[in-house]
Amino acid sequence: MGGSVDVCVIAHAHPALSRGGGEMAAWREVRALRAAGRTAVLIAAAEQPPAEWPALPEGESLYDAAAMEEDRLAWAEDPARRALLSRLLATGAGVFHLHHLWRVGLDLVAALRAARPEARLVLTLHEMLAICANHGQMVRTADGALCAAAAPEACAACFPGRAPAHFALRRAAFLRALSLFDAVVFPSDFLRRRYAEWGFVPRAGFVVENPLDPALAARPRRPPAPDLAARFAFFGQPTPFKGLDVLLSALRLAREERPGIALDVHGCGAEEVVGMFPALAPLLSQLGGAVRFRGRYHPTEVLDRMAEAGWVVVPSVWWENSPMVILEAKRAGVPLIVSGIGGMAEKVRPGLDGLHATPGSARDLARVLAEAADPALHARIARSLADAPSPQDFLDALGPVLGPGRG
Amino acid sequence: MTLRVVTAYRASTGLRLVLADAPTGASSLRIAGLTSLVSAARPVAGGVRLLLVAEGPAEALPGLRLLPETADGRCLPPLAFADPQSGPPPGAAFVGEAALGFALAFAAAERPALRPLLSPPPFGVLGGWLAALPALPGEALLAPDGSAGVWLPGAAAADLLALVPTAEGGLLPSRLHGPPPLVTGAGLLRIAFAPLRPLAPPPVGLVGAAAGRCGRLPARRSDAPAMAEAIGAIAARVASPAEASAFRSLALAERRERLASLAAGLAAVPEPGAPQVLLPAGLSDPFLRRLLVLAEPVLARRFVALLLAGPEAQEAGRWLRPRLSLPVGVARSLADAARQGGYARTALVPAGPQSLAAALAPAPERRPFPPALAGRALPALAALARAGGDEAAAVLHLAGEGAAPWAAP
């Protein structure tokens, strides 16, 4: 990685190792910048041992996060921290764009700022980790209830082993770290508002939607087939926050009213779902062929898979920031049913891009599924559904964030 | 040289003589010499007890000293017949009645001139005596603040000495003081305190003389509140509720009074312009360390250094030093930091998680750092922290975060 580059993007993961929204956004940003003629490199964290690292293209490389502290918010081993700092400085980049502070380290940010006071430091926040110690989800640990605001006493109630003062310190540390950035990107206005309510207003804040894969963006947009109104699809992993368990329960209830309703689950198999939610095994048996588990898919397949559905359902029981699946569904031209909170509510205009349901409520989601199965409603929303921002939209939005290039 | 100590009484003068003798051979101490020495002592009303300590070659008696006490226990200036600072000859050991050894240790506790007798470590000429002491029946608890709780069944009176470790690996006897004991038909209950010396380590053992017996009191370590609770439970068992309550109140009042002068010292104002040193507490929280790193540009405008003290200081220092330009001092305890010196002329700014978070918060919610402590008060703080059994809590209290740990029982 010799010579100076324009933008050094630092991410908590690389798509060659995992395919979460944050790392995909970082990787696509580098590709988009290069396509626009700027020099950009990607340096991403890896939890896997270096011997298992895949070969990466020129300008993309990994660093070992194993030398970090357990919460991956600071470096336990100073030589490793120094080595990464040296690598970043050796790029000679004028802009350092971090995606996440997790697996990057608050202490690394402080060192980078001190070493390059004139450089432009940019951060994209992908969740609320600075605000909430529960994986940045703002969901209570005890019962999974949504949390609207962090406060030391309330946070200590979520983590009985930690004192309120810990959370005051945590907030102060994160606020200090965030204040070191010249610009901060929020993929949703919901996230920007959450940080503002918490006490963080950046020197320059931008709401910029995550970039879509250019290959997907280039695909022609097809109108949805009219006979798919009762065909729903879920894309993602069966984690406790994604709400697949709620959706499956809702499906059973909705079928009592509309027996023709069916669901395709993409991204996992039935055994993974039962592994995460053992209590759902009888329900899956009961649903029988009404649920099809379509398994994992390559990102380039996503639009084709979505085109088989009338609706894409995002039933997350946490706030979400800017789920990639919403962008992809918009690109695919498939209306959405989402939990009516957070980034989901913002990205899906009710009645125009899709419908909202109460998060965590199988009964309300069942009501919405049944309502959505109406072909007329489906056709109407499909016509008004917004498209995802184009790569050029993304670059235009990113321009003032990164500042002028070195050209 | 082995000294043999025997006792004799001269009824005609009321003197109690304690005579030293060597057991056999040409190097024996001569009674004649002793007689003449004793005759040099001035009788006082009520009689005088003389402890005789002989040092050096028997013929010359170069280190001979007389330690007079009146019969009612008042100490008189020692009568030195040779250089009182010279210690006993190598190998010298006390051999005599256990009660006399206790009296000698008791005298050494009160009179610095006798300290050479307690060299070499661990206990000088009394080392053998101490090792041979039997255990007294009873219970004893020792708290880090130098307080001792003692229950001696069957005793009606007791003298107690605490054994305080020295920097040289020895032991110093330290006389315990305190409120009157609670004496019942079942025995004697006492809470007593070693003199409060800011940087002295806590006692490690107890010896006592009670009911005609002299011996060690096997002592368990305890913190001060637990000790008060345990002694309170014994009091409730052996005395009436009113007596038990009065005894406990007296003990607590004594403790408060004892600590009050030290606590007053914490209010000392630092010298104007004294360099400021940040003294953070709560080092086990990784976010405290992270905040210090993230806020260094702000901290460096005010502080010349950080002082980390306590069990986590070493690890925190290891983490912080490569990340900070500010010097980071590390000490295992506040007492260690005080012993290291270098802070006496500084202004120490205590800060716990809450005060640090508030002082380094964004402008609208920012609060000033807590008031500074004069660096010369660090030994007093260390002693108070030890009395409270929690150094971090002591610093947190100064930072306005929580009660004074030394104020608790």
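The model is predicted, so local features need pLDDT of at least 70 and side-chain atom pairs count only at pLDDT 80 or more, while totals for chains, interfaces and linings use all residues. Residues are numbered from 1 along each chain as its sequence is written, and chains are lettered from A and ligands numbered from 1 in the order in which they are written.

## Domains

Let us start with how each chain is divided. Domain bounds here come from an automatic or database domain assignment. For chain A, that assignment gives domain 1 (7-211 + 390-402) and domain 2 (216-384). Chain B has domain 1 (1-132), domain 2 (134-265) and domain 3 (276-407). Two residues are in contact if their C-beta atoms, placed from the backbone, lie within 7 Å. The table sets out two domain pairs.

| Domain pair | Distance between C-alpha centres | Residues in the contact |
|---|---|---|
| Domain 1 and domain 2 of chain A | 29 Å | 19 residues from domain 1 of chain A and 17 residues from domain 2 of chain A |
| Domain 2 and domain 3 of chain B | 33 Å | 12 residues from domain 2 of chain B and 13 residues from domain 3 of chain B |

Helices (H or I, at least four residues) and strands (E, at least two) are DSSP runs, numbered from the N terminus. On the side of domain 1 of chain A that touches domain 2 of chain A, helix 6 of chain A gives the most, with 3 residues. By class, that side has 8 nonpolar, 7 polar and 4 charged residues. Here Ala, Val, Leu, Ile, Met, Phe, Trp, Tyr, Cys and Pro count as nonpolar, Asp, Glu, Lys and Arg as charged, and the others, Gly among them, as polar. In chain B, the side of domain 2 that touches domain 3 takes its largest share, 4 residues, from helix 5 (residues 241-265). The residues of this side divide into 9 nonpolar, 1 polar and 2 charged.

## Where the chains meet

Between the chains, 18 residues of chain A are in contact with 19 residues of chain B. On the chain A side, the elements giving two or more residues are helix 3 (106-115) and helix 5 (164-179). Helix 5 of chain A gives the most, with 11 residues. The chain A side has 10 nonpolar, 2 polar and 6 charged residues.

## The core

A residue is buried if 20 or more other C-beta atoms lie within 10 Å of its own, exposed if 12 or fewer, and partly exposed in between, with C-beta atoms placed from the backbone. A nonpolar core is a set of buried Ala, Val, Leu, Ile, Met, Phe, Trp, Tyr and Cys residues joined through C-beta atoms within 7 Å. The largest such core has 248 residues, and those with the most contacts inside it are V312(A), L369(A), L206(B) and L291(B). Helix 5 of chain A supplies the largest share of this core, 10 residues.

## Strand 13 of chain B

In chain B, 46% of the 409 residues are buried. Strand 13 (residues 205-210) of chain B is largely enclosed by the rest of the structure, because 5 of its 6 residues are buried. Two strands pair if DSSP finds at least two bridges between them. Strand 13 of chain B runs antiparallel to strand 9 (residues 158-165) of chain B, joined by 6 bridges. It also runs antiparallel to strand 14 (residues 213-217) of chain B, with 5 bridges.
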